[in-house]
Amino acid sequence: MKYRNIVLVGGSGFWSDQNHIMSILEVGPRNRARIGAIIDPVNPAIVTKHINLQQLLNRDHPQWLDPRRYTNMKELFGHLEQTPDLVIVACNPEAHLEYASFCISQGINVLIDKPINVVANASSDLLSARQIYKDFSKLLALQQRVQEPHLAVTLLRRRTLKPFRHIIREVADCYQRTRQGITQINIIVNGGIHKFPSEFFSTPGAHGYLMGVGSLSHSAYHYIDVVTWLLQSAPGDVRYLRVSLACVKRIADYIKTGGYSALQQLLDLPDTLIQSPEPIPQTILDAELDSSFTIEMLDSNQAVIGHINFVFCHTTFTSRTRTIEVGDDHANYPNGGRMSHIYLDVQQGSLQSWQLEKNDIVFQGNTIRLSGRVHPYYGRPQIYSKVYEAAYENTERPLSILLEDVLSMTDNTHPTVNSNQYIKDIKSETLNMRLFSTFYELLAMNKVAGLQKTISLDVGSLLTEH
Ligand SMILES: NC(=O)c1ccc[n+]([C@@H]2O[C@H](COP(=O)([O-])OP(=O)(O)OC[C@H]3O[C@@H](n4cnc5c(N)ncnc54)[C@H](O)[C@@H]3O)[C@@H](O)[C@H]2O)c1
């Protein structure tokens, strides 16, 4: 019997274990799919802490390819024992682009984790920051040139969560009926990630800082997507977004101001353990931990319709009790203290307002509270209030089923995501990537005295073409 062959890039990592591999263990048998190869510099056999991965190794016996042994993608993929039906790219974000470009150029179906791409040192180097969107645009241009039909998609979990979808439906419905667009979005996301100086330098991986990019490259992309999703659901007359950096705290600031001292005392850690044995390179010190952006929404005459505040912080309250990790990421453990703490406030002019709140320790449950009010004359119940328990389990469509959806799309002669509202073609990521890149451009500009601190984006067509 022929199996669909999946190649997992970054298969020795955390998210592969927690999501992609867990999903394939569940849906693989009924979809005749298995992981034929793992591409990762780390040998999956030695990552015993990843239980799903170890189960997969015993079941699918995937080939392991260490990308460092090959000079280019063609050579690396040339060593696969079987042609891939789908490549999942779940490695460090700065390596996404090379894999995605190669797969697209060869007409190979590819699922790319968020963010689609980022460039090393973008937190402090303006050319690198600008390169993020340039590279993304080149990827889209490449996709248009390639004749071979293929799928190039991403999956974003917030898109599957019922409370987020509830707000979107209400906002879109109100817009369809009244043409009232969104006027204010305030979003605050607190991560509770506190590392000690020695860990900044020694923690590898997608959620480290070694590549000179910080918290925005970790999980901010999900919330950039929430903002653009809302805007696209009720754009009103918005034509331009004027984006400015309100505040940034970089690793250098955190260390200089002793941001870790109180936690050091609580965990009773000696200086010898927490101080970096070597000087931390400047590019790492420049990586962002907490940042906040203001986005003005303007009409075609540059008049202000409303505004968005986007606040994304790492160094907020933590429940961390785990002591020092060298060469590992403490935040991937239940006692690592990572928080999933979100406030979202959405105003649609005088007609309705929505508030979503979440305050969980990661790995210890997901509860989302949602409330909303509509105008008394709007013809609906005026108040909505609901608590969504186990919000990540009780979704509109589980991530494992979405992987199943992607697999079945790959069977089509012309794979397409048109009828699936949860899976996003990379073309529909254009506005997200434009904002993501803009945030980095502003962070890098902030390092250079005298540079303008605002970037205007003409987003008219991006708000309607999605
Ligand atoms: N959608 C989500 O909710 C979600 C959640 C967590 C992570 N992610 C994404 O998944 C990806 C991995 O994150 P993670 O938390 O598992 O990080 P991780 O650091 O645990 O894993 C990354 C893996 O990629 C490997 N790797 C590094 N460079 C590579 C290269 N050039 N080629 C192949 N493999 C390489 C590393 O050795 C590691 O095993 C990131 O893109 C991240 O943004 C998505």
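**Exercise 1. Determine which helix gives the most residues to the shell around the ligand, and describe that shell.**

Step 1. Helix α1 (residues 14-27) makes the greatest contribution to the shell, with three residues. Helices here are DSSP runs of H or I with at least four residues, strands are runs of E with at least two, and both are numbered from the N terminus. The model is a predicted one, in which local features need pLDDT of at least 70, side-chain atom pairs count only at pLDDT 80 or more, and totals for chains, interfaces and linings use all residues. Residue numbers start from 1 along each chain as its sequence is written.

Step 2. The ligand is surrounded by 23 residues, and the closest are Gly10, Gly13, Trp15, Gly205 and Ala206. A residue is near a molecule if its C-beta atom, placed from the backbone, lies within 6 Å of it.

Step 3. By class, the shell holds 12 nonpolar, seven polar and four charged residues. Ala, Val, Leu, Ile, Met, Phe, Trp, Tyr, Cys and Pro count as nonpolar, Asp, Glu, Lys and Arg as charged, and the others, Gly among them, as polar.

Step 4. Domain 1 (4-155) and domain 2 (157-396 + 427-464) each supply at least three residues to the shell.

**Exercise 2. Describe the contact between domain 1 and domain 2.**

Step 1. The protein chain is assigned domain 1 (4-155) and domain 2 (157-396 + 427-464); such bounds come from an automatic or database domain assignment. Their C-alpha centres lie 25 Å apart.

Step 2. Domain 1 brings 23 residues to the contact and domain 2 brings 27 residues. Two residues are in contact if their C-beta atoms, placed from the backbone, lie within 7 Å.

Step 3. On the side of domain 1 that touches domain 2, helix α5 (residues 126-145) has the largest share, seven residues. That side has 13 nonpolar, six polar and four charged residues.

**Exercise 3. Give the strand order of the open sheet of nine strands, and explain why one side of β14 and of β16 lacks a neighbour.**

Step 1. The order is β14-β13-β12-β11-β7-β10-β9-β8-β16, with mixed pairing. Two strands pair if DSSP finds at least two bridges between them.

Step 2. Because β14 (383-388) and β16 (454-458) stand at the edges with a single partner strand each, one side of each has no neighbour in the sheet.

Step 3. Within the sheet, β8 (residues 240-250) and β9 (residues 288-298) pair in the antiparallel sense over 10 bridges. Lys249 has Asp290 in β9 as its bridge partner.
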